[in-house]
Amino acid sequence: MQIEKVYEPQRFEPHWARWWIDSGVFRPSGASERVFALVIPPPNVTGSLHMGHMLEHTEIDVTIRWHRMRGENTLWLPGTDHAGIATQMVVERKLAEEGTDRRTLGREEFERRVWAWKREYGDTIKRQMIRLGVSCDWGRERFTLDPGLSRAVREVFVRLYEKGLIYRGEYMVNWCPRCHTALSDLEVVKEETAGNLWHIRYPVNGSDRALVVATTRPETMLGDTAVAINPKDERYGDVHGRTVQLPLMDREIPVILDTLADPEFGTGVVKVTPAHDPNDFEAGKRHNLPKIRVIDETGKMTAEAGRYAGLDRFEARLRVVADLDDLGLIEKIEPYHFAIGKCQRCKTVVEPLISTQWFVKMKPLAEPAIRAVEDGRVQFVPETWVKTYNEWMYNIRDWCISRQLWWGHRIPAWYCGDCGAITVSRETPTACVHCGSGWLTQDPDVLDTWFSSALWPFSTLGWPDDTVDLRTYYPTSLLITGFDILFFWVARMIMMGLEFMGDVPFRQVYIHGLVRDAERQKMSKTRGNVIDPLEVTEQFGTDAVRLSLLLGAAPGTDIVLTEERMVSSRAFANKIWNAARFLYLNMERSGVEPEVRGPGAAETLEDRWIFSRLNRCAEAANRAIEQYRYHEAAQVLWQFVWHEFCDWYVEIKKLRFQDNSGLTNDWRNVLSVFEMSLRLLHPMMPFLTEELWQRLTPDKAGRPVSIALTGYPQSDPALADKTAEKEMEILQEIITAARNLRADMKADPKQQLDGTLYSRTETLELAVQYIDVIQKLANVRLELRPGMSPRGGGILRSTPEFDLVLQAPAVQIEAQRQRLEKEIQQLEKVIAGSKRQLADDTFLSRAPVPVVDGIRRKLADYEAQLEKSRSALEGLPA
C-alpha cells in the first residue's frame with residue numbers, strides 16, 4: 001500500500017474539507033433519540049478568521065465530532081451576523097472612495113449596495129471555516145437578515161411591545177459622534193485617562209461668596225441648570241434655597257439639595273447638567289430642571305452654547321477654560337485620572353445625550369434568567385462565571401435597542417402624520433390603527449445587532465413556526481463562547497429563550513480563555529504579535545495548530561500559543577504519519593491486505609499491555625472531552641500514541657513481522673490498535689486521521705464512509721490488565737537502563753555490548769521470556785543471573801528490581817571515568833556556591849521568596865545527581 005514518504009498536510013487537507021461537506025458527513029443522522037445540538041456564535045459577516053475564532057471553533061469541533069462518533073443525533077448550526085455598524089462603516093468607506101455617500105444614494109440604493117457587498121465579500125470567514133474542517137451542517141447555514149430570521153425579529157418586537165416591555169422614550173443615551181448612533185452600555189469601552197479636574201467659582205447671588213465646583217468637562221457648564229449640595233453637608237447651610245450666577249452665560253441657576261453631591265468629592269458642590277450626564281439627568285427629573293443641550297450629535301456646540309456655538313466640543317473646552325481664567329473664576333486645576341467612555345467600534349469619545357430612542361425593559365426578563373442559573377437549568381463552566389453573570393443581571397439597566405443606521409432590522413413602528421400615534425405591526429400597515437389615516441411613516445432606525453443575535457438559538461431553527469428542527473434541537477445542549485460576549489449575547493439569549501420558548505436556550509455554557517503569545521501578552525495589531533491562523537495552518541498543518549491550541553486549553557485559563565508548540569505538534573503528526581508508513585509498507589511485504597478485522601487473541605505481553613493502556617487512554621479521553629478538559633485529552637492521546645504505541649509497541653512488533661506471513665495475530669492486533677488510535681485522535685486531528693483511516697480501511701458495504709461516522713472507542717473493564725502493565729514497565733526499565741548506559745559510554749550505536757542482568761525477583765523470569773526483545777531493542781547480549789551484582793564488574797545501572805552491568809572496552813571505561821570525575825567536580829562546585837548563597841543572611845533578606853525557593857530546589861537536584869554520579873564512579877572496574 002503506497003504512502004508518501006513525507007508528511008505534507010497541504011496535499012490532502014483541502015480535499016477532505018470539501019469532501020466532508022459534499023458527502024453529507026456533517027448532516028444530523030436523525031437515527032438516534034440522543035440529541036446533541038449546538039449553534040455557532042455567529043461571526044460578523046465583515047470578519048476574517050483570527051486565532052480566537054480558531055480556538056473556539058476547534059473546541060466546538062472536538063466536542064461535536066466526539067458526540068457524533070458516540071452515535072448521537074448531532075447538529076452544529078452555522079451562520080453569520082449582519083453586524084450593523086461594522087458592515088455599514090465598511091460600505092460607507094467604499095462609497096467615500098467613490099466620491100459619494102449613503103445620503104446621496106438614498107436608503108434603498110444604499111441597502112442594495114450593502115447586499116451586493118455582502119454577496120461579494122461576506123463569505124470570507126465561511127470559506128476559511130470550511131478550509132479548517134469545522135464540522136457544521138452547512139445546509140442549515142443562517143444569516144441574521146435572512147427572511148426567516150427577520151420574521152422572528154418582528155414577531156419578538158411586536159410581542160414585547162404588546163406586553164409593555166418595549167417602549168419609546170426620552171432618555172440619556174451613549175452617543176457616538178462618529179458612527180452617528182446611540183450605543184448600549186455594553187458597546188461603550190471604559191478607558192483610564194489622564195486629565196484635569198477644573199475647580200470653577202460660581203458666584204452666589206446677593207453675597208460676596210462663591211461656590212466652587214469641580215468638573216472634568218468644563219464645556220458642559222454652558223448647559224448647567226443647577227448646582228447641588230448634599231442635604232447632610234453642614235458646610236453650606238447658609239446657601240440653601242439661594243441661586244448662583246452661571247459664569248460665561250449670565251444665567252441665574254438654583255442651588256438644590258440632592259444626594260448627587262458627594263461631600264467627599266472636591267468641595268462637595270457639583271454642577272448639574274441634565275442634558276449631558278446620566279446622573280444629572282436623573283437629578284433633573286427629581287427637581288424638574290430644564291434640560292439645555294449645548295452639544296449636538298456631531299460633537300459640536302449648539303446655539304444654546306452662545307458664543308461657543310459651532311466649535312468642536314474639545315476646542316470649546318479650551319476656550320471656556322481660557323475665558324474663565326481671564327475672569328479669575330478658575331480656583332485651581334489639578335491632574336486627575338478617570339475612566340472615559342469610548343465607542344467600542346471606532347474608539348471615539350462617547351457623548352451622553354438626551355435622545356428619543358426605543359428601549360427594552362430588562363428587569364422583568366432578567367429575573368427568570370437569574371433563577372435559571374441559580375437552579376441549575378443553565379450551568380456555567382468554569383462555575384466562577386456565575387458570579388460575574390449575576391452581578392450584571394442584578395444591576396441590569398433598560399436596553400437601548402434603536403440604532404441610527406440603515407443596515408439592519410428596521411424597527412416595525414410607523415408614525416401617523418395626522419394623529420401622531422404609533423402603530424407597531426408584524427406586517428407593513430396600510431392605515432393608522434388609531435385614526436385610520438393612510439399617512440404613515442416608518443421609523444428610520446434599525447435594531448441593535450444584538451437584538452437579532454439574542455434570538456439565534458430558536459430563530460435559526462424555524463421559530464415562530466413549530467418546526468421539526470425546533471422540536472428536535474431546542475433547547476440546544478451547549479454553548480461554547482468567549483467571556484467578552486457574556487452580557488452582549490449569552491445573558492440576552494437566556495432571557496429571550498425563557499420569554500419566547502419557555503425554556504433555556506442551552507443547558508451548559510463553556511467559557512474559553514484568550515489566546516496569548518509566548519510572553520502571555522494579549523494578541524493585538526498594535527503590539528504586532530497577531531498570529532494569522534491561515535498562515536500557520538499552511539506552515540504546520542491544520543491538525544498541528546489545532547493540537548497546539550488544545551494542549552493549552554485548560555478550563556479557566558488563557559492559552560499560550562508559541563511557535564515551539566506548533567513545531568512540536570507537527571512533529572507529533574509526523575510521528576503518526578511515519579508509523580503508518582512503516583505499517584503500510586510492511587503490510588505489503590507480509591502479504592496483509594488493508595483491512596481491520598478486529599483484534600486477535602492477546603497472547604503476548606505487549607498485546608495484553610497495549611490493550612490495557614488503550615483502554616485507560618479511551619477512558620481518560622472520553623472523560624476529559626466530556627468535562628471540556630481539552631488539554632488533558634490532548635496530553636493523554638499524545639502520551640499513548642507517541643510514547644506507548646509508536647516508541648514501544650510498534651518497535652516490539654517489528655521483531656515479530658515476517659515476510660509473506662499473511663494476517664497473523666500480531667498484524668491483527670497492531671492494525672486494530674492503530675485504527676482505534678486514529679479514532680481516538682479524530683476529533684482533535686481530523687484531517688490526518690481521515691487520510692490514514694481511508695487508506696487502512698478500504699470502502700466496503702457496511703463500512704462508514706468516514707472515520708467521523710465510526711464509533712469513538714470506549715473503555716472496557718475486561719481489557720484492564722494491571723499485571724501486564726507492571727511486567728511491561730519492568731521490561732521498559734531494563735531496556736531503558738541499557739540504552740542509558742550505552743549513551744553514558746558513548747558507545748557506537750551499531751556496536752553490540754555484552755553484559756549481565758542480575759535480579760533478586762521474578763524480574764529474572766520475565767527477562768528470560770523476553771530476552772530477545774531486550775537484546776534487540778537495547779543492542780546488547782546479556783547473561784541472566786540471580787542475586788546482586790558484584791562491584792567493579794563493569795558499568796552499572798541499579799534499580800530496586802535489578803542490576804544491569806555492561807562490559808565495555810577499557811578505553812570507553814576510562815572515558816566514562818573521566819566524564820564522571822569531571823561531572824562530580826562541577827556538581828561539587830555548584831553545590832558549594834548554592835550553599836554559600838543560602839547561608840548569606842543579607843542575600844536571604846533581599847532576594848524574592850520564589851528565587852530562594854528555586855535555589856533550594858536546584859540544590860536538592862544537584863545533590864541527588866552528585867550521589868548518583870559518585871555511585872556510578874564507584875561501580876566502574878578498576
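**Notes on helices, a sheet and salt bridges**

1. Let us start with one arginine: R616 has a relative accessibility of 38%, so it counts as partly exposed. For this label, buried means under 20% relative accessible area, exposed means over 50%, and partly exposed lies in between (1.4 Å probe, protein chains only). Please keep in mind that this is a predicted model, in which local features need pLDDT of at least 70 and side-chain atom pairs count only at pLDDT 80 or more, while totals for chains, interfaces and linings use all residues. Residues are numbered from 1 along each chain as its sequence is written, and side-chain values use heavy atoms, with hydrogens and water left out.

2. What does R616 pair with? Its salt-bridge partner is E725, and the closest N and O atoms are 2.7 Å apart. A salt bridge here is a side-chain nitrogen of Lys or Arg within 4 Å of a carboxyl oxygen of Asp or Glu. The pair joins distant parts of the chain, as E725 sits in helix α23 (residues 722–745) and R616 in helix α19 (residues 605–626), 109 residues apart. Helices (H or I, at least four residues) and strands (E, at least two) are DSSP runs, numbered from the N terminus. E725 has a relative accessible area of 13% and is therefore buried.

3. Now compare a pair within one helix. R107 and E111 form a salt bridge with closest N and O atoms 3.4 Å apart. They are four residues apart in helix α5 (residues 107–121), so about one helical turn separates them. R107 is buried at 15%, whereas E111 is partly exposed at 28%.

4. The structure holds 63 salt bridges. Another one joins E783 to R785, with closest N and O atoms 2.8 Å apart. Both ends are partly exposed: E783 at 39% and R785 at 35%. Elsewhere, E606, D607, K653, R656, D666 and D772 are linked in a salt-bridge network.

5. How do helices α18 and α22 pack? The axes of α18 (residues 563–590) and α22 (residues 686–696) are 11 Å apart, at an angle of about 5°. Axes are lines fitted to C-alpha atoms, for helices over the stretch in contact, and angles run from 0 to 180 degrees between N-to-C directions. The two helices are therefore roughly parallel (under 35 degrees; over 145 is roughly antiparallel, 65 to 115 roughly perpendicular and the rest oblique). In α18, A573, I576, W577, A580, Y584 and M587 meet L688, E691, L692, R695 and L696 of α22, where contact means heavy atoms within 4.5 Å.

6. Next, look at an open sheet of four strands, ordered β10-β11-β9-β12 with mixed pairing. Its edge strands, β10 (243–246) and β12 (269–272), each pair on one side only. Two strands pair if DSSP finds at least two bridges between them. Strands β9 (residues 226–229) and β11 (residues 251–257) run in the parallel sense over three bridges, and V227 has V255 in β11 as its bridge partner.

7. The peptide bond from V381 to P382 is cis, with omega near -5°, and P382 lies in the loop between β15 (379–381) and α11 (385–394). The bond from W463 to P464 is cis too, with omega near 15°. N288 has a positive phi, near 55°, in a residue other than glycine; N288 is exposed at 70%.
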